[in-house]
Amino acid sequence: MKKPLILFVALAALLSFTSCDDYETYGEMKEKERDAISEYIRSEKINVIGEGTFHAQGDSTSVEKNEFVYLTNSGVYMQIVRKGAGEKLEENKQVNLLCRYLEYNIKDKAIQSRNDYSPRNYDKMTVTRTGSQYTASFSSGVMYSTYGASVPAGWLVPLQYIRVGRQTTPDAEIAKVRLIVPHTQGHSYATSSVYPCYYEITYQREK
């Protein structure tokens, strides 16, 4: 009876070791996320600038130089492609914004969701600004149907730097940004699975 018992104990220990070996800590997942972001920045030849340079340039980034500003408070990398028409969001007023976007999972290297196939497609986002703080929720669209009403915090970061009007003249283009959003500023799937996303987003005020 001793031999089968010893074999059973050895097998149980092996399975336990394998299970522990496969377990990935939160710290290890964050390290993989940082590596994925660094690799993406290198592969896309992104020129990262600091907030001091960004402010000195009038809160703008050079698309020609492929500049992204690293925003230390959020950990988001942002490129402002177009600052947009109209005005910045008013304080203490609910505003509906129409957003068109592309979402790319940087870790898996795959487009994850998008609604930018047609001008008729958009996600509706209701935003309220209180001082320098923004709160928002989705009420319709692909982001809403895929991830729910909660708006990723990373989507709100550009709002203090862009104008959110409508295109009323041929030259007055709506705001457009490109973002690298870490899991801490992402939607619930990114937060729980610890992966970063790249976004291209346009923001337009509803009529």
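Let's start with the largest pocket: its lining divides into six nonpolar residues, six polar and one charged. Keep in mind that this is a predicted model. The pocket holds about 390 Å³ of space. In total, 13 residues line it. Nearest its centre are N73, S74, S132, V157 and Q160. Two elements, β7 (133–140) and α5 (153–156), each supply at least two residues of that lining.

Next, the second largest pocket. Its volume is about 230 Å³. Which helix gives the most to its lining? Helix α2, residues 26–43, does, with six residues. The lining includes Y26, K30, E33, R34, I37 and S38. Y70, G75, Y77, P182, H183 and T184 are also part of it. By class, that makes five nonpolar, four polar and three charged residues.

Now to one residue, Q204. You'll find Q204 in strand β9, which covers residues 197–205. Is Q204 buried or exposed? Its relative accessible area is 11%, under the 20% cut-off, so Q204 counts as buried. The side chain of Q204 makes a polar contact of 3.2 Å with the side chain of R100. Leaving aside residues up to four places away in sequence, Q204 touches R100 along with N96, L97, L98, G165, R166 and I174.

Last, the cysteines. C99 is buried, at 0% relative accessibility. C197 is buried too, with a relative accessible area of 2%.

Definitions and conventions
Residues are numbered from 1 along each chain as its sequence is written. This is a predicted model: local features need pLDDT of at least 70, side-chain atom pairs count only at pLDDT 80 or more; totals for chains, interfaces and linings use all residues. Side-chain values use heavy atoms; hydrogens and water are left out. Helices (H or I, at least four residues) and strands (E, at least two) are DSSP runs, numbered from the N terminus. Buried means under 20% relative accessible area, exposed over 50%, partly exposed in between (1.4 Å probe, protein chains only). A polar contact is a pair of N or O atoms within 3.5 Å; within protein, one must be able to donate a hydrogen and the other to accept it, and residues adjacent in sequence count only if both atoms are side-chain atoms. Contact means heavy atoms within 4.5 Å. On a 1 Å grid over the protein atoms alone, a cavity is a set of points where a 1.4 Å probe fits but cannot get out, and a pocket is an open set with protein on both sides within 12 Å along at least five of seven lines; lining residues have an atom within 4 Å of a point. Grid points are joined across faces, edges and corners, and a volume is the space filled by probe spheres set on the points. Ala, Val, Leu, Ile, Met, Phe, Trp, Tyr, Cys and Pro count as nonpolar, Asp, Glu, Lys and Arg as charged, and the others, Gly among them, as polar.
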